[in-house]
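Hi there,

Here is the structure I promised to pass on to you. Have a look at it first, and then read on for my notes.

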Amino acid sequence: MKVKVINKSGNALPAYATEFAAGLDVRADNAEPIELKPLGRAIVPTGLYLEIPAGYEVQVRPRSGLAAKRGVTVLNAPGTIDADYRGEVCVILINLGTEPFVIGRGERIAQLVLSRHEVIEWEEAEELADSGRGAGGFGSTGVK
């Protein structure tokens, strides 16, 4: 699937780290280092502008290593970049770790995943079909 991109960052385009990776690593394009204190958050620019085909979105997801090792994750994970958005792709990061984390220019900060989606057409109803789960919510399937 081809996606048009303008790259104003000077960094390489987002790339798959391995042959079977689903997400492309995206890099920060901040002029100055950004210090994320514990529980601090920041909107980090990437210098990328996308033209996503209709019927698709690009999801912004955390990098597992950054989350596991430093406690830094994408705050609104997964973030959604809609097909009609043409502004700069930015990533909302939060530091849930116990130490400050400095985001340097070119740092791999998140992953981008292209995902197809459907458009909902609501069908109003008075009742819903029965299911084995019914209205059972959080923890109702045995997870404690």
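Which strands each supply at least two residues of the lining of the largest pocket? They are β5 and β11. Please keep in mind throughout that this is a predicted model.

Let me stay with that pocket for a moment. The space in the largest pocket comes to about 310 Å³. Its lining is made of 14 residues, and the closest to the pocket centre are Val 3, Pro 14, Leu 24, Leu 50 and Leu 112. β11 contributes the largest share of this lining, 3 residues. By residue type, the lining of the largest pocket has 13 nonpolar residues, no polar ones and 1 charged.

The second largest pocket holds about 150 Å³ of space. Among the residues lining it are Val 60, Asn 76, Asp 82, Tyr 85 and Glu 88. Two elements give two or more residues to this lining, β8 (79-81) and β9. Of these, β9 gives the most, with 5 residues. The lining of the second largest pocket divides into 7 nonpolar, 3 polar and 2 charged residues.

Now for the sheet. There is an open sheet of 5 strands in the order β2-β3-β11-β6-β8, and the pairing is antiparallel. β2 and β8 are the edge strands, each pairing on one side only. If you start from the β2 end, strand β2 (residues 15-16) is joined to strand β3 (residues 24-27) by 2 bridges, and the two run antiparallel. Here Tyr 16 stands opposite Leu 24 of β3, and Leu 24 is also among the residues closest to the centre of the largest pocket.

Two pairs to look at are Asp 25, which stands opposite Gln 111 in β11, and Val 26, whose bridge partner in β11 is Ala 110. As a reminder, in a regular strand the side chains alternate between the two faces of the sheet.

Next, the core. The largest nonpolar core has 25 residues, and Val 44, Leu 93, Ile 103 and Ile 109 have the most contacts inside it. Two or more core residues come from each of β4 (34-36), β5 (41-51), β6 (56-61), β7 (72-74), β9 (88-95), β10 (101-103) and β11 (108-116). The largest share, 4 residues, is from β5.

Which residues is Val 44 in contact with, leaving aside its neighbours within four places in sequence? They are Ala 28, Asn 30, Ile 34, Val 89, Cys 90, Val 91, Leu 93, Ile 103 and Ile 109. Within that list, Leu 93, Ile 103 and Ile 109 are again among the residues with the most contacts inside the core.

Is Thr 73 buried or exposed? Thr 73 has a relative accessible area of 16%, and buried means under 20%, so Thr 73 counts as buried. Not counting residues up to four places away in sequence, Thr 73 touches Pro 62, Ile 92, Leu 93, Ile 94 and Leu 96. Leu 93 therefore turns up in the contacts of Thr 73 as well as in those of Val 44.

Let me know what you make of it.

Best wishes

Key: Residues are numbered from 1 along each chain as its sequence is written. This is a predicted model: local features need pLDDT of at least 70, side-chain atom pairs count only at pLDDT 80 or more; totals for chains, interfaces and linings use all residues. Side-chain values use heavy atoms; hydrogens and water are left out. A nonpolar core is a set of buried Ala, Val, Leu, Ile, Met, Phe, Trp, Tyr and Cys residues joined through side-chain atoms within 4.5 Å. Buried means under 20% relative accessible area, exposed over 50%, partly exposed in between (1.4 Å probe, protein chains only). Contact means heavy atoms within 4.5 Å. On a 1 Å grid over the protein atoms alone, a cavity is a set of points where a 1.4 Å probe fits but cannot get out, and a pocket is an open set with protein on both sides within 12 Å along at least five of seven lines; lining residues have an atom within 4 Å of a point. Grid points are joined across faces, edges and corners, and a volume is the space filled by probe spheres set on the points. Ala, Val, Leu, Ile, Met, Phe, Trp, Tyr, Cys and Pro count as nonpolar, Asp, Glu, Lys and Arg as charged, and the others, Gly among them, as polar. Two strands pair if DSSP finds at least two bridges between them.
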